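Open the model in your viewer with both chains shown as cartoon. The stops below go one selection at a time.

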Amino acid sequence: MTLKLPIYMDYQATTPVDERVVDAMLPYLRENFGNAASRSHSFGWQAEEAVERAREEVGKLIGAAGKEIVWTSGATESDNLAIKGVAEFYKDRGNHIVTVVTEHKAVLDACKRLEKHGFVVTYLPVDGDGRVNPAAVAAALNDKTILVSVMLVNNEIGTVNPVAEIGEVVKAHGAFFHIDAVQGVGKIPFDVNASHADLVSLSAHKMYGPKGVGALYVRRKPRVRITPIIDGGGHERGMRSGTLNVPGIVGFAKAAELCRLEMAEEGRRVLGLRERLRKGIEAAVPNTTVNGSLQHRLPGNLNISFAFVEGEAMMMALKDVAVSSGSACTSASLEPSYVLRALGVGEEMAHSSIRFGLGRFTTEEEVDYVVDLVAGKVKRLRDMSPLWELVQSGVDPRSIQWSSH
Amino acid sequence: MAYSDKVIDHYENPRNVGSLDPAEPDVGTALVGAPACGDVMRLQIKVRKDGVIEDAKFKTFGCGSAIASSSLATEWIKGMTIDQAMTVKNTQIVKELSLPPVKIHCSVLAEDAIKGAIADYRKKQEHVPESAAYAQGGS
């Protein structure tokens with residue numbers, strides 16, 4: 001098989017839509033175009049039936065009932081709805097929220113917004129592996145705590161949090177537990193009951209479904225209430241108004257079904273490819289560091305720092321491979337990745353990080369090609385790097401008094 | 001982020017990558033930037049008795065724009081007198097490479113590196129105590 005360039009290795013950013021998902025969606029873009037809220041004719045009934053079937057299917061993937069699934073436009077909306085929705089509804093019970101410094105911006109910025117409205121937020125640190133310690137969660141809880149929000153899998157470093165243990169702690173305290181499970185669901189086993197989750201954010205496009213559709217799981221037993229953040233026609237039992245994205249929802253359900261059926265085998269295969277990539281790079285390139293726990297990690301994630309090589313220059317060198325970097329140069333803020341910094345990774349190593357995201361359509365040939373390419377390009381950039389020259393001549397760059405700019 | 005053709009050209013075919021012996025009296029060296037900021041440039045010049053820069057070398061840890069800025073800087077100052085090289089402005093580099101606003105600091109670093117290398121060379125010529133192998137520039 002000939003290799004097709006460019007190679008996509010950014011599966012944590014988004015995933016390609018599976019052909020089987022596209023096939024499932026097409027009828028709902030063509031003949032079955034009805035509005036699921038139309039109660040007076042067959043177009044509406046067909047759409048509603050498809051949406052309800054989809055609810056069951058997406059619920060099944062996470063051990064939930066269909067009635068506990070609220071459709072949204074994606075994970076950012078789900079995170080906002082969960083956090084702001086609980087905060088607003090239960091504000092008379094307390095004003096304290098606990099989350100983690102490595103959460104996605106959709107969670108962190110929703111919490112920051114609430115801080116402006118009188119809420120107090122504790123941002124827990126992570127350990128050097130990038131994981132949250134359940135004991136730290138327990139220690140942060142107080143009698144004003146109404147919500148704890150912790151992600152299942154980190155989007156940058158792929159580390160898996162001990163959500164079941166954290167859920168136990170939160171449940172025992174009587175607060176609500178929200179999990180941003182976007183990066184993990186469909187790739188690793190996840191169950192809302194095993195993790196004691198009250199609210200769970202999901203996104204279709206991270207699991208081979210279409211963009212623009214997501215869901216929020218909202219527990220019914222015992223019932224969790226949320227105040228909507230979008231007002232209107234009272235869709236989704238009043239929790240999220242707006243005409244449903246029927247083709248997107250149907251595609252989401254097909255994607256969920258495929259993940260449910262193929263997850264175990266796919267997980268093993270992707271893990272094998274990830275390890276082939278990691279071992280290949282580590283054998284060919286000295287002075288590399290994997291960021292985040294290898295043991296508790298998404299199969300398809302490798303976040304690795306190449307010392308003395310800057311991440312954006314590296315991405316430029318890998319122009320036929322789609323990857324991302326924690327380097328400041330890739331963001332408008334000029335700050336290196338806050339996630340890597342939270343792990344205690346030095347700024348210079350954060351600047352040198354590359355995230356490889358592997359998934360359903362990654363091949364062995366692609367991995368081998370990338371290993372060779374990376375090895376060659378790192379060598380070229382190190383030959384051009386004054387820091388590498390210092391190290392080769394026995395000078396530790398950290399011993400130099402650098403000027404900042 | 002889209003790069004200009006000139007940035008890509010300098011990145012793919014950098015001019016004057018390498019090292020000069022920093023201990024030589026006719027060599028000026030600057031090491032500017034910081035690893036924590038994501039860019040470090042070392043720029044070196046070899047100056048003839050008549051003040052003309054006969055050779056320039058660089059090594060850069062940084063993004064494509066930082067590599068291109070330092071590559072361009074060495075290309076420009078080769079053949080200039082050190083007085084002429086002192087007048088090279090970062091804005092000229094920005095213009096030549098079509099750098100976007102977030103990359104302007106790369107050009108500033110290149111200007112600092114030129115000035116730093118010249119300062120190091122001049123210091124050596126004044127027979128002040130030998131500078132360290134790697135002199136410090138910076139802004």
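Select α2 (64-77) and α5 (104-125) of chain B. In this predicted model, Ser65(B), Ala66(B), Ser69(B), Ser70(B), Ala73(B) and Ile77(B) from α2(B) meet Cys106(B), Ser107(B), Leu109(B), Ala110(B), Ala113(B) and Ile114(B) from α5(B). By class, the residues of this contact are 8 nonpolar and 4 polar, with no charged ones. Packed helices are described by the angle between their axes and the distance between the axes. Here the axes of α2(B) and α5(B) come within 9 Å and cross at roughly 35 degrees. The crossing of α2(B) past α5(B) is right-handed.

Now select the whole of chain B. Its pattern along the sequence is α-β-β-β-α-α-α-α, which amounts to 5 helices and 3 strands. Of the 139 residues in chain B, 52% are buried. Take the contacts in chain B between residues at least 6 apart in sequence: 64% of them join residues at least 24 apart.

Next, go to the place where the two chains touch. Chain B puts 28 residues into the contact and chain A puts in 24 residues. Which elements give two or more residues to the side of chain B that touches chain A? They are β1 (27-34), β2 (39-47), β3 (53-61), α2 (64-77) and α5 (104-125) of chain B. The most comes from β1(B), with 4 residues. Colour this side of chain B by class and there are 15 nonpolar, 10 polar and 3 charged residues.

Move to chain A and select its sheet. The sheet is open, has 7 strands in the order β2-β8-β7-β6-β5-β3-β4 (chain A), and its pairing is mixed. Because β2 (69-72) and β4 of chain A stand at the edges with a single partner strand each, one side of each is left without a neighbour in the sheet. From one strand to the next the twist averages 20 degrees. At the β4(A) end, zoom in on β3(A) and β4(A), which are joined in the parallel sense by 5 bridges. Ile97(A) stands opposite Val121(A) in β4(A).

For the last stop, select strand β10 (residues 301-306) of chain A. Is β10(A) mostly covered or mostly uncovered? It is mostly covered, with 6 of its 6 residues buried. Show the side chains: Asn301(A), Asn303(A) and Ser305(A) point one way, while Leu302(A), Ile304(A) and Phe306(A) point the other way.

Strand β9 (residues 288-290) of chain A runs antiparallel to β10(A) and is joined to β10(A) by 3 bridges; Thr288(A) stands opposite Phe306(A). Strand β13 (residues 353-357) of chain A also pairs with β10(A) in the antiparallel sense, over 5 bridges. There, Ser353(A) in β13(A) is the bridge partner of Ser305(A).

Notes: Residues numbered from 1 in each chain as written. Chains lettered and ligands numbered in written order. Predicted model: local features only at pLDDT ≥ 70, side-chain atom pairs only at ≥ 80, totals over all residues. Contact = placed C-beta atoms within 7 Å. Nonpolar A, V, L, I, M, F, W, Y, C, P; charged D, E, K, R; others polar. Buried ≥ 20, exposed ≤ 12 C-beta atoms within 10 Å, placed from the backbone. Pairing = 2+ DSSP bridges. Axes fitted to C-alpha atoms, helices over the stretch in contact; angles between N-to-C directions. Left-handed = near helix turned anticlockwise from the far one by under 90°.
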